[in-house]
Amino acid sequence: MSTSTTASVSTHILDTSLGRPAEGVAVQLSAREGRDADWQALGGSATDTDGRCKDLPALPEGTTHVRLDFAVEPYFEKFAKKQADAQQDAPANRDSGAAVFFPEVAITFAVVPGEHYHVPLLLNPFGYSVYRGS
């Protein structure tokens, strides 16, 4: 929850290759005070069955930048074979390359006190998109 002196952050992940939430993805939250400051790891969470992280740590007062690190490779390794078998011409069936092109996704954004930032991740094995949600 944001206050007049802090911002707050939430996120969720939709696996666009399946058209449903991505469950069990580890998410780490870091923050810093100013663009030249060192990152401070605040903790993390994992997505629930709805693809949401409902228990990310609060941001400290003075936070100006936030980073969300999504560990997506273990998620896709778990589901790669199942997805490839379900999709007749899936890339995992066509070649012997990695099941995921981006093993992790790091999203960095600026925040201001008193604002809430919901940052959804739209994810598939070979691409992703993020935006500021509501």
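Trainee: Which residue in S4 is the bridge partner of Val27?

Mentor: The bridge partner of Val27 in S4 is Ser45. Before we go on, this is a predicted model, in which local features need pLDDT of at least 70 and side-chain atom pairs count only at pLDDT 80 or more, while totals for chains, interfaces and linings use all residues. Residues are numbered from 1 along each chain as its sequence is written, and side-chain values use heavy atoms, with hydrogens and water left out.

Trainee: What makes S3 and S4 a pair?

Mentor: Two strands pair if DSSP finds at least two bridges between them. S3 and S4 have six bridges, in the antiparallel sense, so they meet that rule. Val27 itself is found in strand S3. Strands are DSSP runs of E with at least two residues, helices are runs of H or I with at least four, and both are numbered from the N terminus.

Trainee: Why is S4 called an edge strand?

Mentor: The open sheet has four strands in the order S4-S3-S6-S7, with antiparallel pairing. Strand S4 (40-46) and S7 each have a single partner strand, so one side of each is left without a neighbour in the sheet.

Trainee: Why is Val27 called buried?

Mentor: Buried means under 20% relative accessible area (exposed is over 50%, partly exposed in between; 1.4 Å probe, protein chains only). The relative accessible area of Val27 is 0%, so Val27 counts as buried. In the protein, 36% of the 134 residues count as buried.

Trainee: Which residues does Val27 touch, not counting those up to four places away in sequence?

Mentor: Contact means heavy atoms within 4.5 Å. By that rule Val27 touches Thr11, Gly43, Gly44, Ser45, Thr47, Cys53, Leu56, Leu68, Asp69 and Phe70.

Trainee: What makes a group of residues a nonpolar core?

Mentor: The name is for a set of buried Ala, Val, Leu, Ile, Met, Phe, Trp, Tyr and Cys residues joined through side-chain atoms within 4.5 Å. The largest one here has 27 residues, and Val9, Leu68, Phe70 and Phe109 touch the most other members. Among the elements giving two or more residues to this core are strand S1 (8-15), strand S3 (26-32) and helix H1 (72-86). Nonpolar side chains tend to be buried together in soluble globular proteins.

Trainee: Which residues does Phe109 touch, not counting those up to four places away in sequence?

Mentor: Phe109 touches Val9, Thr64, His65, Val66, Leu68, Tyr117 and Val119.
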